[in-house]
Amino acid sequence: MNELTQPQVGFKDGQIQFENVDQFKKDFEQIIKRHSNFIVTEDTMKGAKASRADLRNAAKESASWRSKVKTELLKPFDDVSEIATEYEKKVKDVADEIDKDIKVFEEVEKRKRRDGLNEFIAQRADDLDVNPDIEIIDKWFIKGNFNGTVPKKAFMEEHIEPQFDLLVKNKEQRIADTVAIRNYAEGKSFDPEGYIHNLDFKSLAEIMSDIDHDVVKRQKREEAAKAVAEMEAEKDLENHIDEVTVDNRVIDQCTGEIVSEVPHITETSANLNTVNQVAASPEIDSKNQQTFTRLLYVTGTIEDLNAVATFLNANGIEFRGES
C-alpha cells in the first residue's frame, strides 16, 4: 500500500499556496525507487504484479487528488466567469449597435476619399492623354493615405504613378505597332484597319504572320482564277476551231452549218496593228455576176488564220491580209 502524502491547500497574502509539496515528491521517488529494476521471473510473477499495481495506484491517487483540488479551487472562479460572460455579451451588443452607426459614417468618408482619388486619376490621365485604366484596391482608402479627400504624394508615387508609367509605355508601343502594321499591310495591298484592330487581341508578331498568310492565300486564289480562265479559254477555242466567218456569217467548216450572224463592221483605222484584215477585190466574173468588197477582221492563232486562208482559197474568194 502506498503512503503518498498529499499537498495541502493554504492561503497567504491573498494567494493560494500548497504545503507538503516536497514530501509529496519524496513519497513518489520512494515508490519509484522501491519498484525500479524489478526482475520478472516465473517465481517473482506475483510480486511483479503487486509492484505494477502499487505504481499505477500511486499515479491514480495523485491524479484524483489533483482533479479534486482543481475543481474546488476553480468553482468560485466558474461562478464569477459565468457572470462575466453574460455581461461581456451585453456590452458587446451595445458596442455593435454603436459600431453600425460608426461604419455608416466611415463608409461616407471612404466614399469621399474614393471620389478624390478618381478625380485625381481622371485629371492625370487627361494630362498624359491615356485611358485611366488603373487598378484600384479597396484597402487603399484608409485615412493614412489621404489628406482629407486628397491622396498623399507618397501614396500616389507608390501605387498610382507606376501604373500610369506603364499606360504611357503601352500607348507609345501601340502607336509604333500601328504604324508598322499599316506600312506592312499597305505594302502587301491590304486594308490595314482590320489588322490594326487585332492589336487588342494579338501581338505585333502574330499580326505580321497573319498578313503573310493572307498574302499566300491571295496568291493561291489568283492562281486558281487564272487556271480556270485558261481552261475556259481553251475549251471555248476547241468549241470554235472549225468555225470561219463568211459574209457576216459564222460557218462550221465540217458541216457547212451557219452557226451565227456577225454584226457588220465598218472600216476604221482603229486596232489595225493588232488584228488581221482580209478584203476581197471588186471584180466582175465571167457570168457578169455582181461582186462586193467587205472588211473581215480575223483574230486567232496561226493555225486559225491558216484555216481561214485555206477556206477562202478553196472557194475561189480573193483576199489580202495585213498584220
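Predicted model: local features only at pLDDT ≥ 70, side-chain atom pairs only at ≥ 80, totals over all residues.
Q: Which residues make the nonpolar surface patch, and which elements give two or more residues to the patch?
A: Together with Val-21, the residues Val-9, Phe-11, Ile-16 and Phe-18 make a nonpolar surface patch of about 440 Å². The elements that contribute two or more residues to this patch are β1 (8-12) and β2 (15-19).

Q: In what sense do β1 and β2 pair, and over how many bridges?
A: As a general idea, the side chains of a regular strand alternate between the two faces of the sheet. In the present case, β1 and β2 pair in the antiparallel sense over five bridges, and Phe-11 stands opposite Ile-16 in β2.

Q: How many residues lie between β1 and β2 in the hairpin, and what is the phi of Asp-13?
A: The hairpin leaves two residues between the strands, and Asp-13, in the turn, has a positive phi of about 55°.

Q: Is Asp-214 buried or exposed, and which residues is Asp-214 in contact with, leaving aside neighbours within four places in sequence?
A: Asp-214, which lies in helix α5 (residues 204-240), has a relative accessible area of 18%; since the cut-off for buried is under 20%, Asp-214 is classed as buried. Once neighbours within four places in sequence are left aside, Asp-214 is in contact with Phe-190 and Tyr-195.

Methods
Residues numbered from 1 in each chain as written. Heavy atoms only, no water. Patch = residues over 30% accessible without salt bridge, like charges linked within 9 Å, V, L, I, M, F, W, Y side chains within 5 Å. Areas by Shrake-Rupley, 256 points an atom, 1.4 Å probe, with all protein chains shown as cover. Salt bridge = Lys/Arg side-chain N within 4 Å of Asp/Glu carboxyl O. Helix = DSSP H or I, 4+ residues; strand = E, 2+ residues; numbered from the N terminus. Pairing = 2+ DSSP bridges. Buried < 20%, exposed > 50% of the residue type's maximum accessible area, 1.4 Å probe, protein only. Contact = heavy atoms within 4.5 Å.
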